[in-house]
Amino acid sequence: MDIVNIKKKSLSIHNADRRDSNIGKLLLDLGKIKPEDAERVLRLQKEEGIRFGDAAQRLGLISDADIMQVLSLQFDYPYLQLDQCAFSKDLIAAYQPFSSQVEALRALRSQLILRWFNEKNKALAVISVTPGDGGSHLAANLAVVFSQLGEKTLLIDANLREPVQHKIFNLTESRGLSDILAGRSTPDIATKIESFVDLTVLGAGTTPPNPQELLNRSNFTDFMRQAVAGYDAVIVDTAPAAETSDALAVASRCGGAILVARLNQTRLAKLKNIQDQLTISGVQIVGAVVNDF
């Protein structure tokens with residue numbers, strides 16, 4: 001299931017009259033325009049018989065991006081500004097929700113819902129074939145787009161060797177999955193990310209000397225049962241499958257997996273080998289994504 005570029009859909013401020021009623025207030029609240037600017041906009045709006053946002057744009061006070069930000073707030077679809085948040089800029093689903101890349105992510109989300117989540121499955125492992133294929137960033141952005149859909153989403157970093165989700169989401173909680181599996185903590189250490197609609201992230205936690213043994217413990221199975229009982233979608237990031245069998249242990253607990261490769265980088269033989277291992281283990285391969293970056 002390759003990610004393909006999908007043309008960005010344009011949103012017009014003319015779609016519904018009710019949008020115009022409070023767009024001026026939102027622009028003021030966001031600091032996009034000043035009170036004295038609002039008077040100029042209102043005069044032009046009355047003279048030309050146009051909408052407030054159109055008038056503000058004509059006066060050069062706001063941009064298309066400002067309009068998109070306001071519309072996202074009106075429709076309860078907030079997104080982040082690069083200069084306002086401490087999250088990684090790799091969260092394109094949060095920072096650039098109207099880009100062609102994120103349209104492709106939403107298309108992938110739709111396919112996953114149809115092929116996997118609509119079948120009463122809730123957990124999905126995201127498995128890179130080799131390091132650098134982009135699986136961790138795909139997992140993070142998939143979690144964001146699922147939460148934007150209104151799904152109660154949990155992102156778990158099960159890469160206990162070289163985790164990155166705590167960096168992407170700037171987690172202050174140092175404990176995580178490894179600490180839970182070692183019996184040193186409880187699942188309530190997962191962090192609710194307030195900047196998103198309904199997203200919780202559980203970092204990998206303390207780097208253990210025995211990641212494979214931890215992931216093969218029965219309490220990991222118990223933990224995953226609790227996770228799928230409490231969330232609509234559970235996205236699990238894993239260590240690259242070509243280097244360790246950690247991903248296989250994680251995928252077997254999820255039941256399904258999506259493979260991530262990189263165009264002109266990942267060897268087909270390695271991809272096929274991992275596919276065979278997952279299939280033998282009874283893991284359903286929901287699809288594959290080829291990153292081109």
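These legends describe close-up views of one predicted model. Local features need pLDDT of at least 70 and side-chain atom pairs count only at pLDDT 80 or more, while totals for chains, interfaces and linings use all residues. Residues are numbered from 1 along each chain as its sequence is written, and side-chain values use heavy atoms, with hydrogens and water left out.

**View 1. Overview of the fold.** The protein has 13 helices and seven strands. Helices (H or I, at least four residues) and strands (E, at least two) are DSSP runs, numbered from the N terminus. Of its 293 residues, 49% count as buried. Buried means under 20% relative accessible area, exposed over 50%, and partly exposed in between (1.4 Å probe, protein chains only). Among contacts with a separation of 6 or more, 73% join residues 24 or more positions apart. Contact means heavy atoms within 4.5 Å.

**View 2. The open sheet.** Seven strands line up as β3-β4-β2-β5-β1-β6-β7, with mixed pairing. Two strands pair if DSSP finds at least two bridges between them. β3 (191-193) and β7 (284-291) are the edge strands, and each pairs on one side only. Neighbouring strands are turned by 25° against each other on average, direction ignored. Axes are lines fitted to C-alpha atoms, for helices over the stretch in contact, and angles run from 0 to 180 degrees between N-to-C directions.

**View 3. β6 beside β7, with two packed helices.** Strand β6 (residues 256-262) pairs with β7 in the parallel sense, over seven bridges. Gly 256 stands opposite Gln 284 in β7. Helix α6 (residues 100-115) packs on the sheet and touches β1 (123-128), β6 and β7. The direction of α6 makes about 170° with that of β7. Helix α12 (residues 246-254) also packs on the sheet, touching β1, β5 (233-237) and β6. The direction of α12 makes about 160° with that of β1.

**View 4. Helix α7.** This helix spans residues 135-148, 14 residues in total. From first C-alpha to last it reaches 20 Å, close to the 20 Å expected at 1.5 Å a residue. The expected span is 1.5 Å times one less than the number of residues. Because 13 of the 14 residues are buried, α7 is largely enclosed by the rest of the structure. Gly 150 follows α7, with a positive phi near 95°.

**View 5. A phenylalanine cluster.** Phe 87, Phe 169 and Phe 196 form one aromatic cluster. Rings of Phe, Tyr and Trp (its six-membered ring) pair if their centres lie within 6.5 Å; planes under 30 degrees apart count as stacked, over 60 as edge-to-face and the rest as tilted. The whole structure holds four aromatic pairs. Phe 87 and Phe 169 have ring centres 6.2 Å apart and planes at 65°, so this pair is edge-to-face. Phe 87 lies in the loop between α4 (64-74) and α5 (92-95) and Phe 169 in the loop between α8 (165-168) and α9 (177-181), so the pair ties together parts that are 82 residues apart in sequence. Phe 87 is buried at 16% relative accessible area, and Phe 169 is buried at 1%. Phe 87 and Phe 196 form a tilted pair, 5.5 Å centre to centre with 45° between the planes.

**View 6. Surroundings of Leu 171.** Leu 171 lies in the loop between α8 and α9. With 14% relative accessibility, Leu 171 counts as buried. Leaving aside neighbours within four places in sequence, Leu 171 is in contact with Gln 165, His 166, Thr 191, Ile 193, Val 201 and Gly 203. The C-alpha atoms of Leu 171 and Ile 193 are separated by 9.0 Å.
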